[in-house]
Amino acid sequence: MLKMLEDMQSNTECCGKSDTQKPSQDNRPQPKGAPKLYIFMSFSVPKQVWVDLWKYVDRYPFEFVIRGLPDNSFKKLAEKIKDYGCAVSIHPDLFTKFGVTAVPTFVLVDKGTIKGVSGNISLEYAMQQLHQ
């Protein structure tokens, strides 16, 4: 299901912290005002999808976001992260803020504009759709 989120509020602050000052998942600092790409995921998404997307984190710095802990267990989360070889952030509030109801969903926040697209698509295709 494709869902455009252009009409969302332009506030990119969450939990009292500015999204533009946080380091990307590969620990490179992002310049203030740099576009922010979130990929909303769930562990119900096949492992290979996670792995295929993570290959591009250096080319398109992004943040994997999940709603909560698998089976409410930090131990299971740590096992999944180790097995998948990627980093994740837990932000149920961002799912609500951006109206995410399906995974994977790609959300780009850039200069007050918010765009999103959902589906089992490649990161390159998602970026093409988000920059239209």
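## The sheet

Let's start with the open sheet: 5 strands in the order β5-β4-β3-β6-β7, with mixed pairing. Strands here are DSSP runs of E with at least two residues, helices are runs of H or I with at least four, and both are numbered from the N terminus; two strands pair if DSSP finds at least two bridges between them. β5 (89–90) and β7 (113–118) stand at the edges with a single partner strand each, so one side of each has no neighbour in the sheet.

A quick note on provenance: this is a predicted model, where local features need pLDDT of at least 70 and side-chain atom pairs count only at pLDDT 80 or more, while totals for chains, interfaces and linings use all residues. Residues are numbered from 1 along each chain as its sequence is written, and side-chain values use heavy atoms, with hydrogens and water left out.

## Around β6

β6 (residues 105–110) pairs with β3 (residues 36–40) in the antiparallel sense over 5 bridges. Across that pairing, leucine 37 sits opposite leucine 108, and phenylalanine 40 sits opposite threonine 105. β6 is mostly covered, with 5 of its 6 residues buried; buried means under 20% relative accessible area, exposed over 50%, and partly exposed in between (1.4 Å probe, protein chains only).

β6 and β7 also run antiparallel, joined by 6 bridges, and phenylalanine 106 faces valine 117 in β7. Their hairpin has 2 residues between the strands, and lysine 111 takes a positive phi near 50° there.

Helix α4 (residues 123–130) lies across β3, β6 and β7, and runs at about 140° to β7. For that angle, axes are lines fitted to C-alpha atoms, for helices over the stretch in contact, and angles run from 0 to 180 degrees between N-to-C directions.

Over in helix α1 (residues 47–54) you'll find valine 49, which is buried at a relative accessible area of 13%. Leaving aside neighbours within four places in sequence, valine 49 is in contact (heavy atoms within 4.5 Å) with Met41, Pro104 and Asn120. Valine 49 and tyrosine 84 are 35 residues apart in sequence, with 9.9 Å between their C-alpha atoms.

## The whole chain

Overall there are 4 helices and 7 strands, following the pattern β-β-β-α-β-α-β-α-β-β-α along the sequence. Of the 132 residues, 42% are buried. Among contacts with a separation of 6 or more, 64% are between residues 24 or more positions apart.

The protein exposes about 7400 Å², and carbon and sulfur atoms supply 52% of that. Accessible areas come from the Shrake-Rupley method with a 1.4 Å probe; for residues, only the protein chains shown count as cover.
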